[in-house]
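Q: I would like to learn how to read salt bridges, interfaces and helices in a structure. Could we go through them one by one?

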Protein chains: 6
Amino acid sequence: MSSTSPAALARSFGRAADQLRPVRITRGFTKHAEGSVLIEFGDTRVLCTASVEDKVPPHKRGSGEGWVTAEYGMLPRATHTRSDREAAKGKQSGRTQEIQRLIGRSLRAVFDLKKLGERTIALDCDVLQADGGTRTASITGAFVAAQDAVNTLLAAGKIAETPIINHVAAVSVGIVQGVPVLDLDYPEDSACDTDMNVVMTGVGHYVEVQGTAEGVAFSRDEMNQLLALAEKGIGELVELQTAAFR
Amino acid sequence: MSSTSPAALARSFGRAADQLRPVRITRGFTKHAEGSVLIEFGDTRVLCTASVEDKVPPHKRGSGEGWVTAEYGMLPRATHTRSDREAAKGKQSGRTQEIQRLIGRSLRAVFDLKKLGERTIALDCDVLQADGGTRTASITGAFVAAQDAVNTLLAAGKIAETPIINHVAAVSVGIVQGVPVLDLDYPEDSACDTDMNVVMTGVGHYVEVQGTAEGVAFSRDEMNQLLALAEKGIGELVELQTAAFR
Amino acid sequence: MSSTSPAALARSFGRAADQLRPVRITRGFTKHAEGSVLIEFGDTRVLCTASVEDKVPPHKRGSGEGWVTAEYGMLPRATHTRSDREAAKGKQSGRTQEIQRLIGRSLRAVFDLKKLGERTIALDCDVLQADGGTRTASITGAFVAAQDAVNTLLAAGKIAETPIINHVAAVSVGIVQGVPVLDLDYPEDSACDTDMNVVMTGVGHYVEVQGTAEGVAFSRDEMNQLLALAEKGIGELVELQTAAFR
Amino acid sequence: MSSTSPAALARSFGRAADQLRPVRITRGFTKHAEGSVLIEFGDTRVLCTASVEDKVPPHKRGSGEGWVTAEYGMLPRATHTRSDREAAKGKQSGRTQEIQRLIGRSLRAVFDLKKLGERTIALDCDVLQADGGTRTASITGAFVAAQDAVNTLLAAGKIAETPIINHVAAVSVGIVQGVPVLDLDYPEDSACDTDMNVVMTGVGHYVEVQGTAEGVAFSRDEMNQLLALAEKGIGELVELQTAAFR
Amino acid sequence: MSSTSPAALARSFGRAADQLRPVRITRGFTKHAEGSVLIEFGDTRVLCTASVEDKVPPHKRGSGEGWVTAEYGMLPRATHTRSDREAAKGKQSGRTQEIQRLIGRSLRAVFDLKKLGERTIALDCDVLQADGGTRTASITGAFVAAQDAVNTLLAAGKIAETPIINHVAAVSVGIVQGVPVLDLDYPEDSACDTDMNVVMTGVGHYVEVQGTAEGVAFSRDEMNQLLALAEKGIGELVELQTAAFR
Amino acid sequence: MSSTSPAALARSFGRAADQLRPVRITRGFTKHAEGSVLIEFGDTRVLCTASVEDKVPPHKRGSGEGWVTAEYGMLPRATHTRSDREAAKGKQSGRTQEIQRLIGRSLRAVFDLKKLGERTIALDCDVLQADGGTRTASITGAFVAAQDAVNTLLAAGKIAETPIINHVAAVSVGIVQGVPVLDLDYPEDSACDTDMNVVMTGVGHYVEVQGTAEGVAFSRDEMNQLLALAEKGIGELVELQTAAFR
């Protein structure tokens, strides 16, 4: 680790550099969706719903395969100051589109679309309260909602076997005041030099790695420390996903 | 009342024709907004936030007066089947615009904009779960959120006197299977012949009356019965708004 | 009535508080449409055309039923000062959408869509000159244009029976300087405390009631006076619609 | 002329190949605009309004010069079959934009923008009924509306001298069944091989020439015949513009 | 010609008033398109690609006929100062739409759409560097790209006979400082009084003539001089198109 | 490395698994821009222009700092089959926005915005021909164009010192048929299991790492091999950037 002592860094919830914020996963948060999960990473709260639809996008029609897609949104006052409502502005920002593409790719990475059959699971991740890490919370919660939707399909006998190959979860890591830390909250995210979002499967393989040097570029050594932190955090999140079904 | 016995009508929560659904008002539901209220009319749940902004729209600039405005949205899976996300479609539907204009007018009706000073209270009403009456729940909850925002301004000494003149609340009434009923849920709303949304002040005066005959047109006598039901319901909602601050 | 003597209120065309403006209905105003009506409520002039189209919107396809829809527009210089052209701005305002939805619902209320067969009657209401009451003139004129379009279908043997169940007409009422008045012109509309648009059938039943307190909220007693005025005015408009076909 | 006898061509209003349709110019058609002209070229009817606005577009601000601009629209049922409303589609077609740019350039060609002062004359040309030649009727009528608006400014003492340098008028010419003809109506326009719109000043100089071979390309000789016809027609239109002010 | 001696006018590339800029036509500029041509009129450089697509627009479906269409764009820094990217602004300007409609019409004028069969040739004209005359260079280059695409179809045996009836090329002419000149570059185009774009076939017939008096209107005599210059220039361009295939 | 012998993988240009495609950098490709570079990675060709503008976006106004921004586009027929033109569709795709945000962030990472002064360098990366790696070619070429623009500013005395801190370049790496390879062309990109874009500075530090498992998730060991390949490739690209200025 860095020579700056992690103890010097005051983190929310009094946690250590390699500790997640308190995570809470509430299944069945709303009643209409086939899967509906409120996931909380500290003060970040995202409502993830999974909707099963008996149709697929044009490029999958007649293929016998299904599709998994995601959309992301933030309530206007999920943030410290009010943001414009994207529906009122008439377009989704580049950031929103980037995030929802990431969520969709991450979830598809653990689905066998053939076993899903010609239907779509649409994941909607809506941020009710934002405090950093909304995209990683979205991926982690969307997996649980998708699992619930798949269980509904299995229970109804619409599919014989689960199309879910593996868990998928995500966490952010970054370098704050020279210290590599796990699961950045909003003040850390704003102040950090490097920010990396890592998406991994339940067996510890990479699905996505998106690292950005906001300030100074980072070295190979720092990269290695960040990857190690992410691996630890994702292992814990996968545990929590599993526990949510007990 | 109609000759059909109200007892014949099975209503959700086992309620009588002239009874509201269970109403719950939770203040401080999210942490960033100056006012943040989760209002529930039975299974309808709307998050109403009030944001104070130190700017006014062009037509109020330099007037010394403030503004109160509202936006409305529905999460894609708030409904029985998933609806398209308006931000993704790139436009708000006519229905959405109509509702948010109604919420804005209703709240402005009980504000003395001069006393607010040159600032805006932006009300965001986002439906987390829909089961009929989302616009009336929005108005009723937005009032509580606005009250909290005003209290913040008073506490900070930014305004000397409250700009709120009166309570405002709203409820739907309609004729279902020939029976005039109060506070329609989604199945009643879909099946009813006539649907009327009534917005009234705390002293029982009308702010808005919007009645529509979905099926057969309704008579003056039916109109009178509906107005009486609305008056009763709104009286109770105003009580609940008051109770939320105790 | 109010204690303020109506005589004290100087109204356009020297009319009493309960009097309509001079109404003129000119059928066949343009030559291409199946129905083409210029309706004038005093200085308000709206061109209402009815177009018969051999297609229905998706939700009616294969149902054997038809559809009635409406669009509304205002020429940029129909008003005192020039308004932006909605086509150039690239979107219809919330107000425009609200009005055209109202016109469509009002007309559908008097149509038996089954008897229309799988075709659409598209009503276009374009305001050539505005002086208050453009939406009520639009509904009243659109009914006459729709009647002409139906007569064309009957004459061509495309339908055997009229799908029109009843007349429909609309008028505004409001409280101006404390006096309830019928059929507000633009200066009255701008100055009034309460404005209500009422849509009724030829037998005096309500199709729509949309009342808004622009200033102070209004009492139940005022509501009753306004409803009585509207009933009187709509009775006269229905007479004029009938006379236009003699 | 062509060897095909013009007598062989049956034209609307029984006119000869080199004759205009009956032209009617009605000033003061609506009451709010500074200039409001209904111009009719046979069954083509365009409402041209001129609005004076005390502002100029950004590229003229502070220049001491004014601006003349134009917008064009067609009511949905001005045509044989209903066209989509551009405001509802959310964009103006390429054809609409091309026409309104042409009208604007044509009118600016006869304005001394310095003498207009820093204000804008906005010309709105809205087609109430279309039967060919809507753009040429628009230009011809817009000139009259602009003249009325200028007269208003002169009468009010806002400008000392007219900024109008010359008349401007427009007409279409084309080759129909081998015969060069003046002022094509819709059936001729649809059937013609070549269609040319010519805009000229009151002294017979060209402002715009827009010729298109819809079918076979046309020769230099045909071009000369068309230009001669246009010159004749525009001379007559300028006479009619002048007569409209008597 | 005008009494001002052409010698007095300093033109780019030291050319005379009736001379084209150096023209270069490079076939096969990019590798994927069925036709790909870089055309240079002096410093104006346009990449014209022709794409063959096995589909036609709705109005041609089932007709047995094909379609030829064009789109036009300019790279943001093709011009002296950077222009906004149309894709980022979310709409094509009126100018862009006008130009691409012109290119499409010009090319269709020399195609026998029946012989093309039910397929589309899509012409994309993208300006890499602009120095006046981008639309005339686009038409002239698009013809060569279209020819290459047709040759591909012939070589593959998809069509038996060429659908191309004739060459088509275009050039601008104008009056600069009183002198009629051929093929205006950007400084001339900005300074000229009159600007005319002429599109002609290989046999010297007109397809399009679009003349605009930017400053003073022009006389019939000037028109004749301009048409003569255009005829000369287009004759030379057709020669160069032919040479490009040798 | 993987046990599959790299020799087994037939790559374009007969290159080894750890070899770049032939790279060509042509400065001064177009004449108006302050920097204009055609960069070729094999058959991928991107025109990168750098425009200096004397304005900054709102969040930098008055800060004394400049801004560096990027836009990305692809000509419709840069690809194997024609893609829709984004300007015509009226919006940039999510992919386009994601790429241009990446280019902008990458370039800003090597700029000292204070030394740039209150001006913007706008980088336009337009793909003329696509064969995989368009975003990495864009970043690598945009750096050269930006360098040219900075040299212009230095030569004109507008800035005293270069705001460029370091080189920046980018390359893709991926796992194709089990073999980690450098600089994927389009067929490799379509077939690969894992695709990673790496952006590094001239001293070998990371600016961005974006890895996506298109097929199976990848292990930490594979990640390490990919990072090593990227480091090698970027070292060579930085050499080529330097050589372009000799």
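A: Let us begin with a single side chain: Asp148(F) counts as buried because its relative accessibility is 11%, where buried means under 20% relative accessible area, exposed over 50% and partly exposed in between, using a 1.4 Å probe and protein chains only. This is a predicted model, in which local features need pLDDT of at least 70 and side-chain atom pairs count only at pLDDT 80 or more, while totals for chains, interfaces and linings use all residues. Residues are numbered from 1 along each chain as its sequence is written, chains are lettered from A and ligands numbered from 1 in the order in which they are written, and side-chain values use heavy atoms, with hydrogens and water left out.

Q: Which residue forms a salt bridge with Asp148(F)?

A: A salt bridge is a side-chain nitrogen of Lys or Arg within 4 Å of a carboxyl oxygen of Asp or Glu. The partner of Asp148(F) is Arg27(F), and their closest N and O atoms are 2.9 Å apart. Asp148(F) lies in helix H4 (residues 134-155) of chain F and Arg27(F) in strand S1 (residues 23-27) of chain F, so the pair ties together parts that are 121 residues apart in sequence; helices (H or I, at least four residues) and strands (E, at least two) are DSSP runs, numbered from the N terminus. Arg27(F) is partly exposed, with a relative accessible area of 34%.

Q: How many salt bridges does a search of the whole structure find, and which residues of chain A are linked in a network?

A: The search finds 128 salt bridges over all chains. In chain A, the network links Arg11(A), Arg15(A), Arg21(A), Asp183(A) and Glu188(A). Within it, Glu188(A) and Arg11(A) form a salt bridge whose closest N and O atoms are 2.7 Å apart, and this pair links distant parts of the chain, since Glu188(A) is in helix H5 (residues 186-191) and Arg11(A) in the segment before strand S1 (23-27), 177 residues apart. Glu188(A) counts as buried at 7% relative accessibility, and Arg11(A) counts as buried at 7%.

Q: How should I read the interface between chain E and chain F?

A: The size of an interface is often given as the accessible area lost when the parts come together. Buried area is the accessible area (1.4 Å probe) that two parts lose on being put together, summed over both. Between chain E and chain F about 3000 Å² is buried, of which carbon and sulfur atoms give 48%. With contact meaning heavy atoms within 4.5 Å, chain E contributes 39 residues and chain F 38 residues. There are 14 salt bridges between the two chains, and one of them joins Arg85(E) to Asp126(F), with the closest N and O atoms 2.9 Å apart. The largest share of the side of chain E that touches chain F, seven residues, comes from S3(E).

Q: How can I check the length of a helix, such as H6 of chain B?

A: The expected span is 1.5 Å times one less than the number of residues. Helix H6 (residues 220-243) of chain B has 24 residues and should therefore span 34 Å, which agrees with the 35 Å between its end C-alpha atoms. Buried residues in H6(B) include Met223(B), Leu226(B), Leu227(B), Ala230(B) and Ile234(B). An α-helix has 3.6 residues a turn, so residues three or four places apart point the same way.
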